[in-house]
Amino acid sequence: MNYYSTNHQSPAATLQEAVVRGLAPDKGLYMPEHIHPLPPEFYEQIDRMTLPDIACRVADAFFGDDIPQDTLHELVRDTMSFDIPLVPVTDRIHSLELFHGPTLAFKDVGARFMARLLGYFIRREGAGEVNVLVATSGDTGSAVANGFLGVEGIRVYVLYPKGKVSEIQEKQFTTLGRNITAIEVDGTFDDCQALVKDAFMDADLNAHMRLTSANSINVARFLPQSFYYFHAYAQLKRAGRADGGVVVCVPSGNFGNITAGLFAARMGLPVSRFIAANNRNDIFYQYLRTGVYSPRPSIATIANAMDVGAPSNFARILALYDGSHEAISADISGATYTDEQIADTVRTTWQQHRYLLDPHGACGYRALQEGLRPGETGVFLETAHPAKFKDTVERIIGQPVDIPAKLQAFMQGTKQSVPMPKDFPAFKAYLMGQ
Ligand SMILES: *Cc1c(COP(=O)(O)O)cnc(C)c1O
């Protein structure tokens, strides 16, 4: 299947081109040319299928023309090697726990799939080494680094701002070694991003080494996120809760996660509507209200992975709905919460239901609590483990939060990083020496 650019100025790309490029040459986002609905039999038996089986079936619909089936299924099974349970918080509201992967956040799914797919393309071509550059303010770096860890033919450079990520986050990408190098930039996240951009533009560097990016707009990171929407529905159906209208609520920042859910619905997944939950960065919420999309600089909140002022996947949502505000509003409603409301939700949900939300999931839970209509059942995506935001969550509930063994293991590793000034010539000289 081919992929078109949302800006319509670049020619259609193959899957491999779209994955290696990330962004289309016209700066648009790649979209699959077709979305194939899955047959009624699939939905009839979905409650008897495992997550890897469901994921393989969905992957066939997207990637089946481009990758031999046994290879694709191996990639998918290897990606989805952890559980994604649906846990009831109340009678009507369920948490889809996406934090059981290696870095305890949903980005593991996309990052692991992309790493394996890129590895496959490189092996198939026999085309030497590829170097992935990724700038991170915290969570993306860990998911990408762990996703690519040990994948043959790929070297990863994670650029992060010195002193500006939490210790847990830093340990998740500085202790890995092997094909992962952490570059500790004496600057801000924006400086890291500027270094990566400059590297992609630099002719000498590109002649010296093959560079690619692993940012979240890559089709290989965003499409696999649809797998777990089907799995959520399967679990609801198994529990006898899938009738009467299923509402899926997604804590949203760049809107990649919810867009994957909208794709699932286009494939026939019986979701009656979606809610996009924002923190105070409520650009999408305002778009729903006014019909006008006006990006603005992001503001810092306690749900910091959603601090996005110009959601990059908005272009994909517009493309999916032919730009119709009316159609978008019919399928998706919005919510927006202040830090106080988020903290209040974490606290009361812990007190009343003994369920510990992270600040992002709290936006999702609260939007369902306020927005479910009679008869409907709600699922929110719990996008990260609360221990990833230990300080914030402990402050809110006033008691210590257990650190899962997986996170503790990272804490015991030894940090290794390459110190780097924020000016491009130094970074270039470093890469030229690799
Ligand atoms: C990245 C992230 C989000 C936002 O997801 P988008 O796909 O960018 O909308 C929400 N919660 C957590 C914990 C994240 O890491």
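Predicted model: local features only at pLDDT ≥ 70, side-chain atom pairs only at ≥ 80, totals over all residues.

**Helices, rings and cores**

Q: Which residues of H16 are buried, and which are exposed?

A: Burial is judged by relative accessible area: under 20% is buried and over 50% is exposed. In H16 the buried residues are Ile342, Ala343, Thr345, Val346, Thr349 and Trp350. Viewed down the axis of H16, the buried residues fall within an arc of 155°, and therefore they line one face of the helix. Glu340, Gln351 and Gln352, on the other side of H16, are exposed.

Q: Why do residues three or four places apart in an α-helix point the same way?

A: An α-helix has 3.6 residues a turn, so residues at that spacing point the same way.

Q: How many aromatic pairs does a search of the whole structure find?

A: Two rings pair if their centres lie within 6.5 Å, and planes under 30 degrees apart count as stacked. The search finds 19 aromatic pairs. In one of them, tyrosine 43 and phenylalanine 230 have ring centres 6.4 Å apart and planes at 25°, so this pair is stacked. Tyrosine 43 belongs to helix H2 (residues 40-45) and phenylalanine 230 to helix H11 (residues 227-238); being 187 residues apart, they link distant parts of the chain. Both tyrosine 43 and phenylalanine 230 are buried.

Q: Is the pair of phenylalanine 284 and tyrosine 287 stacked or tilted?

A: The ring centres of phenylalanine 284 and tyrosine 287 are 6.0 Å apart and the planes stand at 35°, so the pair is tilted. Both residues lie in helix H13 (residues 283-290), 3 residues apart, about one turn of the helix. Phenylalanine 284 is buried, with a relative accessible area of 2%, and tyrosine 287 counts as buried at 3%.

Q: Which residues form one aromatic cluster?

A: The cluster is formed by Phe62, Phe63, Phe113, Phe222, Phe227 and Phe263.

Q: How many residues has the largest nonpolar core, and which have the most contacts inside it?

A: A nonpolar core joins buried nonpolar residues through side-chain atoms within 4.5 Å. The largest one has 139 residues, and Phe63, Leu117, Phe148, Tyr229, Phe230 and Phe284 have the most contacts inside it. Helix H5 (residues 107-125) gives the largest share of this core, 10 residues. Apart from it lies another core, of 18 residues, including Leu133, Tyr157, Phe427 and Tyr430.

Q: How many of the 19 residues of H5 are buried?

A: H5 is mostly covered, with 16 of its 19 residues buried. From its first C-alpha to its last, H5 reaches 27 Å, close to the expected 27 Å. Just after H5, glycine 126 takes a positive phi of about 60°.

Notes:
Residues numbered from 1 in each chain as written. Heavy atoms only, no water. Buried < 20%, exposed > 50% of the residue type's maximum accessible area, 1.4 Å probe, protein only. Helix = DSSP H or I, 4+ residues; strand = E, 2+ residues; numbered from the N terminus. Arc of directions from axis to C-beta. Phe/Tyr/Trp six-rings, centres within 6.5 Å; stacked < 30°, edge-to-face > 60°. Expected span 1.5 Å × (residues − 1).
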